[in-house]
Structure formats: structure tokens, C-alpha cells
Amino acid sequence: MSTSVKVAALIPAAGSGQRLGQGPKAFVEVSGKTLLERAITNFAEHVDEIVVAVPTELQTKAKNLLPDDVIITTGGTTRQETVYRLLQTCTAELVLIHDAARPFLAADIIKRTKAAVLARGAASVVMPVADSLIEATTGQTHDRSKLRAVQTPQGFRQNLILRAHDVANARGAQVTDDASLVRALGEPVALVEGSSWLLKVTDPSQLELARALAPHWDAQQDQATLTSQLKPSSML
């Protein structure tokens, strides 16, 4: 890490994966690697600390699967509780919270998210909405040019997001989006442009798509790694 600010990747991976129907989602394989392994690999060169939360019964499996320097803690009964436990476990000043179910996270998105958090205190990766949107009950349409789909990672100063969770817990508020907790405090959240690669695997069709895309993604990452390892003297 080149920055003096310590950065952690926090990965909630305690879900049951009921919609996917193949057991705990983070441990489902996509082209030879679990979703959790892919998430960790994407962050490995860009953070100082990686903390993962898994169910109690999967602690041993996670320890055998993941690198020794990955910190493993126990998840809660909801995503919000799991993230809160991750925040209490990490020691970093800046945190990037990422869904284990998004296996294709590019380095440039991580870098831009970190930069946005350093500048603004909080940031969320988002994408323009491609489809027209209507309300199911009223049929009312919405101007999609003003809307964004939320992806991850979402990044924060650790003390800010921990305070946001403390306030939400005191109020009994339950959300699935950490940035909304920060906005509830009246604090701004910078928006970082994401990628169509950042699909979230939640059902069998998305898993099938991820497995089809994985070889292409892996080839791109291998090429990027090779390029970064080349010395100037070898580029004759």
C-alpha cells in the first residue's frame, strides 16, 4: 500500500444463499474458485487487511480455504449485523465493504473508491440504470437519467460508518445499503462509476452467466498481472 492510511476490505459472507439454492453462496464455485476466494483475490494487492464474516459452522472451512492473513469472524443473522461485526473487528481507518457475490471487481474501481473516500469520507459504486422503471402498484414511470443502481464496494472512514451503524441500531432501523446509513446522518456520499462486470450472483441464471464470463475475466487479470511485472528494460 502506498497510502499512509490503513485500508481494510470487509466482506460479509454469512448469507444462506436461499435464492441460489446451492448452499452458502460465498462458497459456490465459479470456474474453479469460490465467490469468496475471488473477492479476496481482487482486493489482495490494494488493501492492508481483509476481514471476512462467515457462519459459525463454516469457520473451519473458511480457514482451510483462505490465505492465513485473512481475518475470519462470525456473521450475524442479517447483513447489517454482519457488517457491524466486521467493523468492530477491523483495525483500519478506511474500509471498503464488498459483496462476496460480486466476483468481478476491477482494480481501477477499488482505486477510485479509495480516492473518493479519502477526499469525501464516504463513497458508493453505482451504475446508470439501463432499463425503464415503473412502480408496480401505480404504473408511474421514473426518469432513469436521474437514477443509479447501487453496486459495491462502498467505502467509508471507519469511524463514520461505525457511528452510522450505532445510530441505526439505536433507532431499530434495518437497511441493506450501508451508504444509506451515512446519508441518514446528513453526511454526503460520493458516487463512483462502476461496471457492468460487477454483476451480483443471486439466482441460478446469474450464476450461469458468471461461470460463462469467468474465463474471460481471468484471462484479462492474468494479462494485467503480466504487464505490471514487466521491467522497462525488457520492453525492447
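Me: What kind of model is it, and how are residues numbered?

Reply: This is a predicted model, where local features need pLDDT of at least 70, side-chain atom pairs count only at pLDDT 80 or more, and totals for chains, interfaces and linings use all residues. Residues are numbered from 1 along each chain as its sequence is written, and side-chain values use heavy atoms, with hydrogens and water left out.

Me: Ok, what order do the strands of the sheet come in?

Reply: The open sheet has 7 strands in the order β5-β4-β1-β6-β10-β7-β11, with mixed pairing. Helices (H or I, at least four residues) and strands (E, at least two) are DSSP runs, numbered from the N terminus. Two strands pair if DSSP finds at least two bridges between them.

Me: Which strands are at the edges?

Reply: β5 (71-74) and β11, each pairing on one side only. From one strand to the next, the twist averages 25°.

Me: And how do strands hold on to each other?

Reply: Strands of a sheet pair through backbone hydrogen bonds, either parallel or antiparallel. Here β1 and β4 pair in the parallel sense over 5 bridges. Ala 8 has Glu 49 as its bridge partner in β4, and Ala 9 has Ile 50. β4 and β5 also run parallel, joined by 4 bridges, and Ala 53 stands opposite Thr 73 in β5.

Me: Is β4 largely enclosed or open?

Reply: Largely enclosed by the rest of the structure, because 6 of its 6 residues are buried. Buried means under 20% relative accessible area, exposed over 50%, and partly exposed in between (1.4 Å probe, protein chains only). Glu 49, Val 51 and Ala 53 point one way from β4, while Ile 50, Val 52 and Val 54 point the other way.

Me: What does Val 52 touch?

Reply: Leaving aside neighbours within four places in sequence, Val 52 is in contact (heavy atoms within 4.5 Å) with residues including Ile 11, Leu 36, Leu 66, Val 70 and Leu 86.

Me: Which residues touch the most other members of the largest nonpolar core?

Reply: Ile 11, Leu 36, Phe 43, Ile 50 and Val 52, out of 33 residues in that core. A nonpolar core is a set of buried Ala, Val, Leu, Ile, Met, Phe, Trp, Tyr and Cys residues joined through side-chain atoms within 4.5 Å. β1 (7-12), α1 (35-43), β4 (49-54), β6, α4, β7 and β11 each supply at least two of its residues. There's also a second, separate core of 21 residues, which includes Leu 10, Val 83, Leu 86 and Ile 161.

Me: Which of the α5 residues are buried?

Reply: Gln 158, Leu 160, Ile 161, Ala 164, His 165 and Ala 168. What covers them includes α3 (79-89), β6 (94-97), β7 (122-128), β10 (148-157) and α6 (178-184). Just after α5, Gly 172 takes a positive phi of about 75°.

Me: How many aromatic pairs are there?

Reply: The structure holds 3. Rings of Phe, Tyr and Trp (its six-membered ring) pair if their centres lie within 6.5 Å; planes under 30 degrees apart count as stacked, over 60 as edge-to-face and the rest as tilted. One of the pairs is Phe 104 with Trp 217, which is tilted, with 5.5 Å centre to centre and 45° between the planes. Phe 104 sits in the loop between β6 and α4 (107-120) and Trp 217 in helix α7 (residues 204-229), 113 residues apart.

Me: Which residues make up the aromatic cluster?

Reply: Phe 104, Trp 197 and Trp 217. The rings of Trp 197 and Trp 217 have centres 5.2 Å apart and planes at 55°, so that pair is tilted too. Trp 217 is buried at 3% relative accessible area, whereas Trp 197 counts as partly exposed at 23%.

Me: Last one: where's the cis peptide bond?

Reply: Between Thr 152 and Pro 153, with omega about 15°. Pro 153 lies in strand β10.

Methods. Axes fitted to C-alpha atoms, helices over the stretch in contact; angles between N-to-C directions.
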